[in-house]
Amino acid sequence: MTGTSVKLSKISKGYGTSRVLRDISLEVNAGEFMTLVGPSGCGKSTLLKILAGLDQLDGGLIEIGGETANHFRPSKRNIAMVFQSYALYPHMRVRDNLAMPLIMANLPFAARMPVIGGLVPGTSAKRRQISAAVADVSKTLGIEALLERKPSELSGGQRQRVALGRAMVRQPGVFLMDEPLSNLDAALRAQVRTELVELQRRLKATFVYVTHDQVEAMTMSDRIAVMMDGAIVQVATPAEIYAAPADIRVARFIGSPPINILPATIGDQGEVRLFGESQSLRTDLMPGDQAQIGIRPEDVIVAAQTTLRSACSPHEGRIRLIENLGNEVILHLYIGGDKQTEVTARLPQREWSAIREGSSDPDLVSVGLSPQRFIVFDSTGSRVRTEEKRDSKRLEVVS
Ligand code: ADP
Ligand code: MG
């Protein structure tokens, strides 16, 4: 089984007067794990259904394996779809659920009939091939022991695997998955996540995977397409999406705890100004423009009071809340002249213990915001290029 490429060009779709998809263009390489991620209602399922041929599009071009597929019936698209609800036949054993797509595709109606079916020439050879395909897929997924059970006798994870097996038996070039893990509990979800990635690597199949869960998107994908309001905002590798979000909505959506956004302005020299102080960072924005600074919680430097020294003065942070996760600590802080600006910091637990020991006041810390870590957006939320000023000094903790 090898994957097939998919190319979507300017796909549009509306229901009544509402535009659900606006000029969606996306190329998925053969064998790639592409994730469509975005908040609920942004149009992910609609796009997947259009790609599968289960829904009509208003405009645009679908190419599968380099061939225009707009007018292909779902069964001719070399695609299999796995839904959130597994949609297994409840009255059939797992074995028959797995065989059904092959029976429908390969046996004519008469051959599917009991008793008479055996009289149709070639039927028994085809049935043997189907049994072999079912055995093969069951082995790949480790569900051989479940073949005689009914869906009601399976756990959520097992049902999910059978649904996957049913998609696999026809050896499609492209797998479409719509939130396939969302019915599983957290522990199982993490396990199946890694299993799915391993399976995709082994099959070398093309996956178009839909989720609203940014952790799934970050951990599973070769590339991520972030969707907002019916449009694709950014397509990039997980690392790029995290470090260089193209848009403030992407920055906010990816990362947990979420990125900090601080209001800023642009000074006379084009430099970024935060809390009224010039930072050693220039942009192409005009003096007087409004801007927004994004800084990830792990990039917020926390130190015991007074031990932080820097070119840009450290901020006094008042602790609002401490979340101890065991290995790390998430601090919710108020900073800024009026102590009204909320900032979240994230640091290893051991570091936090040391800071606590060195502090005289348990409610106060020093907070460093290093301009090298700033992701700057303009007032509309588009990321802008930044350049460090040459004379900038790095923040340092004095030991
Ligand atoms: P997602 O999967 O990202 O949560 P959907 O693709 O299911 O989003 O839906 C996108 C938008 O289209 C939503 O606002 C939804 O209400 C609307 N929508 C989806 N299906 C229909 C339909 N059959 N008729 C009318 N509106 C629909
Ligand atoms: Mg959906």
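Q: How many nonpolar, polar and charged residues does the shell around ligand 1 have?
A: This is a predicted model, in which local features need pLDDT of at least 70, side-chain atom pairs count only at pLDDT 80 or more, and totals for chains, interfaces and linings use all residues; side-chain values use heavy atoms, with hydrogens and water left out. Residues are numbered from 1 along each chain as its sequence is written, with chains lettered from A and ligands numbered from 1 in the order in which they are written. Ala, Val, Leu, Ile, Met, Phe, Trp, Tyr, Cys and Pro count as nonpolar, Asp, Glu, Lys and Arg as charged, and the others, Gly among them, as polar. By these classes the shell has 4 nonpolar, 5 polar and 1 charged residues.

Q: Which helix supplies the largest share of the shell around ligand 1?
A: A residue is near the ligand if one of its heavy atoms lies within 4 Å of it, and the residues around ligand 1 are Y15, V20, P39, S40, G41, C42, G43, K44, S45 and T46. Helices (H or I, at least four residues) and strands (E, at least two) are DSSP runs numbered from the N terminus. The largest share, 3 residues, comes from residues 44-52, helix α1.

Q: What distance separates a polar side-chain atom of T46 from an oxygen atom of ligand 1?
A: A polar contact is a pair of N or O atoms within 3.5 Å; within protein, one must be able to donate a hydrogen and the other to accept it, and residues adjacent in sequence count only if both atoms are side-chain atoms. A backbone N or O atom of G43 lies 3.0 Å from a ligand oxygen, and a side-chain N or O atom of S45 is 2.8 Å from a ligand oxygen. For the polar side-chain atom of T46, the distance is 2.5 Å.

Q: What share of the accessible area of ligand 1 does the protein bury?
A: Areas come from the Shrake-Rupley method with a 1.4 Å probe; for residues, only the protein chains shown count as cover. Taken alone, ligand 1 exposes 560 Å², and the protein buries 55%.

Q: What is the radius of gyration of the protein?
A: The radius is taken over C-alpha atoms, and the globule rule is 2.2 Å times the number of residues to the power 0.38. The C-alpha trace spans about 90 × 45 × 35 Å along its principal axes. A compact globule of 399 residues would have a value near 21 Å, but the protein has 27 Å.

Q: Why does Q372 count as buried?
A: Q372 lies in the loop between β20 (364-369) and β21 (375-378). Its side chain makes polar contacts with the side chains of S370 at 2.5 Å and E388 at 3.5 Å. Buried means under 20% relative accessible area, exposed over 50%, and partly exposed in between (1.4 Å probe, protein chains only). Q372 counts as buried because its relative accessibility is 18%.

Q: Which residue has its backbone nitrogen 2.8 Å from a polar side-chain atom of Q234?
A: Q234 sits in strand β10 (residues 231-236) and is buried, at 11% relative accessible area. Its side chain reaches the backbone oxygen of A244 at 3.1 Å. The backbone nitrogen at 2.8 Å belongs to A246.
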